[in-house]
Amino acid sequence: MLRTKTAESKAPVSNTPENVSIKPQRMGFEFGEQVPQYWLNNSHLLSHTMNALSVLFPQGEQFFVDSVRYYRDQISDPKLKAEVRGFIGQEAMHSLEHDAMNQHVRDRGMPVDELEKHLEVILGITKKLPKRHQLAITCGLEHLTAMMADMLLERSDVREDMHESMRPLWMWHAIEETEHKAVTYDVFQEVGGTYAERAFYLAFSTAALGVVASYFTTRMVLNDRSNFSLKDAAKSVWRMWGKDGTFSSLIPTWLEYFKPGFHPWDHDNSELIARFKEEISAHIAPQYQNGNRRTLQ
């Protein structure tokens with residue numbers, strides 16, 4: 001067990017800024033023939049990398065919800081309680097929308113069903129850990145998704161690499177990840193989570209995600225090997241991990257999590273939510289214009 005003599009200082013209330021609301025919104029995205037096979041920068045490897053990440057989301061976000069829901073009755077702060085409800089609802093919507101994308105990827109001949117079965121086994125093993133350790137894993141993975149969300153909203157070059165038929169899904173997801181980026185962290189603090197737990201499980205979660213996402217990507221690349229190109233692969237790896245790469249540029253933000261007094265809203269990027277939310281609202285399907293509050297069970 002990972003323990004320290006005393007828990008980190010508990011946040012007496014939610015630390016989410018007052019100008020940020022956490023409300024679920026079903027979008028009703030559809031993916032058909034208008035989506036090119038290589039929808040990210042017309043790149044074989046980059047597109048399969050993001051397709052692989054999408055496969056992780058529905059089951060992964062159910063794990064997040066379960067880890068937070070377990071502690072819901074122990075939360076005393078009314079604002080944080082309300083944010084937990086919003087978090088659960090938003091993660092439900094993410095699962096539904098990525099299910100739709102994953103069906104599109106499946107229809108393109110990718111082994112989505114097999115990969116989902118592998119993920120189910122991995123998460124089944126993870127669920128044998130103590131509940132607070134599962135919550136610490138969720139905190140770590142939420143930090144990773146918040147980092148990527150911030151990068152997408154900050155960098156026009158990354159957004160412009162996405163085909164217009166896929167861009168709204170990822171921007172919407174990034175906005176909502178930003179809105180609720182501190183909820184699991186504040187719950188973790190309130191229920192006595194320790195620095196050792198959260199620091200260890202960020203490193204653990206990053207390594208595990210890297211291995212699983214790389215395996216899923218490799219399976220998709222092999223399944224589509226006829227269009228593989230060494231030139232595309234080299235350019236894609238540089239785009240992700242070279243100078244100012246989409247992933248390499250996140251390393252300083254990743255390291256900030258290890259500061260003893262860290263909080264996700266130390267970096268207040270709520271302005272990005274306001275900047276893009278109206279634009280993304282234009283993509284809500286007519287049947288969901290009045291919102292949707294369905295949550296994961």
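# Salt bridges, helices and a nonpolar core

Lys 277 counts as partly exposed, at 31% relative accessibility. Here, buried means under 20% relative accessible area, exposed means over 50%, and partly exposed lies in between (1.4 Å probe, protein chains only). This is a predicted model, in which local features need pLDDT of at least 70 and side-chain atom pairs count only at pLDDT 80 or more, while totals for chains, interfaces and linings use all residues. Residues are numbered from 1 along each chain as its sequence is written, and side-chain values use heavy atoms, with hydrogens and water left out.

## Charged pairs

Side chains of opposite charge can pair when their charged atoms come close. The rule used here asks for a side-chain nitrogen of Lys or Arg within 4 Å of a carboxyl oxygen of Asp or Glu. By this rule there are 13 salt bridges.

Lys 277 takes part in one of them. Its partner is Glu 179, and the closest N and O atoms are 2.4 Å apart. This pair links distant parts of the chain: Lys 277 sits in helix α11 (residues 270-281) and Glu 179 in helix α6 (residues 167-179), 98 residues apart. Helices are DSSP runs (H or I, at least four residues), numbered from the N terminus. Glu 179 is buried, with a relative accessible area of 1%. Elsewhere, salt bridges with shared partners join Arg 155, Asp 157, Asp 161, Arg 239 and Asp 244 into one network.

Glu 97 pairs with Arg 26, with 2.8 Å between the closest N and O atoms. This pair also links distant parts of the chain: Glu 97 is in helix α2, and Arg 26 is in the segment before α1, 71 residues apart. Arg 106 and Asp 113 form another salt bridge, where the closest N and O atoms are 2.9 Å apart.

## Helix α1

Helix α1 has 26 residues. From its first C-alpha to its last, α1 reaches 38 Å, close to the 38 Å expected at 1.5 Å a residue. The expected span is 1.5 Å times one less than the number of residues. Of its 26 residues, 23 are buried, so α1 is largely enclosed by the rest of the structure.

Where does α1 kink? The kink lies at Phe 57, shortly before the proline Pro 58, and is about 40°. The bend is the angle between axes fitted to the seven residues ending at a residue and the seven starting there. At the start of α1, a side-chain oxygen of Ser 43 reaches to within 3.5 Å of the backbone nitrogen of Leu 45.

Asn 41 lies in the segment before α1. Asn 41 is not a glycine, yet its phi is positive, about 55°. Asp 73 lies in the loop between α1 and α2. Asp 73 counts as exposed, at 75% relative accessibility.

## The core

A nonpolar core is a set of buried Ala, Val, Leu, Ile, Met, Phe, Trp, Tyr and Cys residues, joined through side-chain atoms within 4.5 Å. The largest one has 83 residues, and those with the most contacts inside it are Trp 39, Met 101, Trp 170, Val 187 and Phe 216. Helix α1 gives the most to this core, with 12 residues.

Contact means heavy atoms within 4.5 Å. Leaving aside neighbours within four places in sequence, Trp 170 is in contact with residues including Trp 39, Phe 57 and Met 101.

## Helix α7

Val 187 belongs to α7 and is one of its buried residues. Helix α7 (residues 183-190) is mostly covered, with 8 of its 8 residues buried. What covers these residues includes α1 (44-69), α2 (78-107), α4 (131-154) and α8 (195-223). After α7 comes Gly 192, with a positive phi near 95°.

## The loop between α9 and α10

Asp 244 is found in the loop between α9 and α10. Its phi is near 60°, a positive value in a residue other than glycine. Ser 248 has its place in the loop between α9 (230-241) and α10 (251-256). Ser 248 is buried, with a relative accessible area of 15%. A polar atom of its side chain lies 3.0 Å from the backbone nitrogen of Gly 245. Leaving aside neighbours within four places in sequence, Ser 248 is in contact with Met 240, Trp 241 and Gly 242.

Conventions
Helix = DSSP H or I, 4+ residues; strand = E, 2+ residues; numbered from the N terminus. Polar contact = N/O pair within 3.5 Å; in protein donor to acceptor, adjacent residues only side chain to side chain.
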